[in-house]
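Hello,

Here is the structure I promised to pass on to you. Please have a look at it, and then read on for my notes.

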Amino acid sequence: MTRSVLRSYLFAPGHRPERFEKALAAGADAVILDLEDAVPVDDKALARDRIADALDAARPVWVRVNARETPWFEDDLRACAHPGVAGVMLPKAERADDAAQAASLAGGRPVLALVETAAGLWNALEVAQAPAVVRIAFGSIDYQADLNIDGEGEPLLHARSQLVLASRVGGILPP
């Protein structure tokens, strides 16, 4: 992956391969094939297989894996050690070790760390400084649920600002 700024991300659910080609043709800077929130629990393994079948080194995609605490985490990441995977989106990133483990299991792929919890925000600089992390993203809905926050504007301003600061100090691309 180059360090160029990716401005638009388009997600496609991993269990819906008929949507992969449409996503790739849509003109987004990056396509993220999703193994996490968009995929029902009973379809997790199926989604991983469908993504693996569709990977093409000539048109690399990002893959959002399931979080570290899930039973799918390691299998998801091992499937990402394919030349058709540009990088890994890591949900519930809370520690530098989360990103390091993800990158290791995914064959050294870059990590886009998704901060979605109070612990993730507390440790945002540590996450930003993890060698594999190229960018942080904010999972505001899960963050709101974790902290029992209502509203999207001002109630999230502090968290958003902290992620901008952590990214800058950590020397990575802005969120």
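**The largest pocket**

Lining the largest pocket are Ala 118, Leu 121, Trp 122, Ala 124, Leu 125, Gln 162, Leu 165, Ala 166 and Val 169. Helix H5 (118–122), H6 and helix H8 (154–170) are the elements that each give two or more residues to this lining. H8 contributes the largest share, with four residues. By class, the lining has eight nonpolar residues, one polar and no charged. As for volume, the largest pocket comes to about 180 Å³. Please keep in mind as you read that this is a predicted model.

**The cavities**

How many cavities of 30 Å³ or more does a search of the whole structure find? There are two. The largest cavity has a volume of about 50 Å³, and its lining is made up of Leu 35, Arg 48, Ile 51, Ala 52, Leu 55, Val 63, Ala 79, Cys 80 and Val 85. Helix H2 (residues 44–54) gives the most to that lining, with three residues. The lining of the largest cavity holds eight nonpolar residues, one charged and no polar. Two of the lining residues, Val 63 and Arg 48, come up again below.

**The nonpolar cores**

The largest nonpolar core has 45 residues. Inside this core, the residues with the most contacts are Val 63, Leu 77, Leu 90, Val 111 and Val 133. Helix H4 (residues 96–105) gives the most to this core, with five residues. Another core lies apart from it and has 10 residues, including Leu 6, Trp 62, Val 134 and Ala 137.

Leaving aside residues up to four places away in sequence, Val 63 touches Ile 32, Leu 33, Leu 35, Ile 51, Cys 80, Val 85, Gly 87, Val 88 and Met 89.

Helix H4 deserves a look as well. Its buried residues are Ala 96, Asp 98, Ala 99, Ala 102, Ala 103 and Leu 105. What do the buried residues of H4 pack against? They pack against H3, strand S4 (85–90), strand S5 (111–115), helix H6 (124–128) and strand S6 (133–138). After H4 comes Gly 107, which has a positive phi, near 70°.

**The salt bridges**

Side chains of opposite charge can pair when their charged atoms come close. This structure holds 12 salt bridges, and I picked out a few for you.

One of them joins Arg 64 and Glu 36, with the closest N and O atoms 3.4 Å apart. Arg 64 sits in strand S3 (residues 61–64) and Glu 36 in the loop between strand S2 (30–34) and H2, so this pair ties together parts that are 28 residues apart in sequence. Are these two residues buried or exposed? Arg 64 counts as buried because its relative accessibility is 11%, under the 20% cut-off. Glu 36 also counts as buried, at 7% relative accessibility.

Asp 76 and Arg 48 meet through their side chains in another salt bridge (2.8 Å, N to O). This pair also links distant parts of the chain, with Asp 76 in helix H3 (residues 73–79) and Arg 48 in helix H2, 28 residues apart. Both Asp 76 and Arg 48 are buried. You will remember Arg 48 from the lining of the largest cavity.

A further salt bridge pairs Glu 74 with Arg 78, and their closest N and O atoms are 3.1 Å apart. Both residues lie in helix H3, four residues apart, which is about one turn of the helix. Glu 74 counts as partly exposed, at 35% relative accessibility, and Arg 78 is partly exposed too, with a relative accessible area of 46%.

There is also a network of salt bridges, which links Arg 68, Glu 94, Arg 95 and Asp 98. Asp 98 is one of the buried residues of H4 mentioned above.

**One last residue**

Finally, please look at Ser 140, which is found in helix H7 (residues 140–147). At 18% relative accessibility, Ser 140 counts as buried. Ser 140 touches Leu 156 and Arg 160, again not counting residues up to four places away in sequence.

Happy browsing, and write back any time.

Best wishes

How values were computed: Residues numbered from 1 in each chain as written. Predicted model: local features only at pLDDT ≥ 70, side-chain atom pairs only at ≥ 80, totals over all residues. Heavy atoms only, no water. 1 Å grid on protein atoms, 1.4 Å probe; cavity = no way out; pocket = protein on both sides within 12 Å on 5 of 7 lines; lining within 4 Å. Points joined across faces, edges and corners; volume = space filled by probe spheres on them. Nonpolar A, V, L, I, M, F, W, Y, C, P; charged D, E, K, R; others polar. Core = buried A, V, L, I, M, F, W, Y, C linked by side-chain atoms within 4.5 Å. Buried < 20%, exposed > 50% of the residue type's maximum accessible area, 1.4 Å probe, protein only. Contact = heavy atoms within 4.5 Å. Salt bridge = Lys/Arg side-chain N within 4 Å of Asp/Glu carboxyl O.
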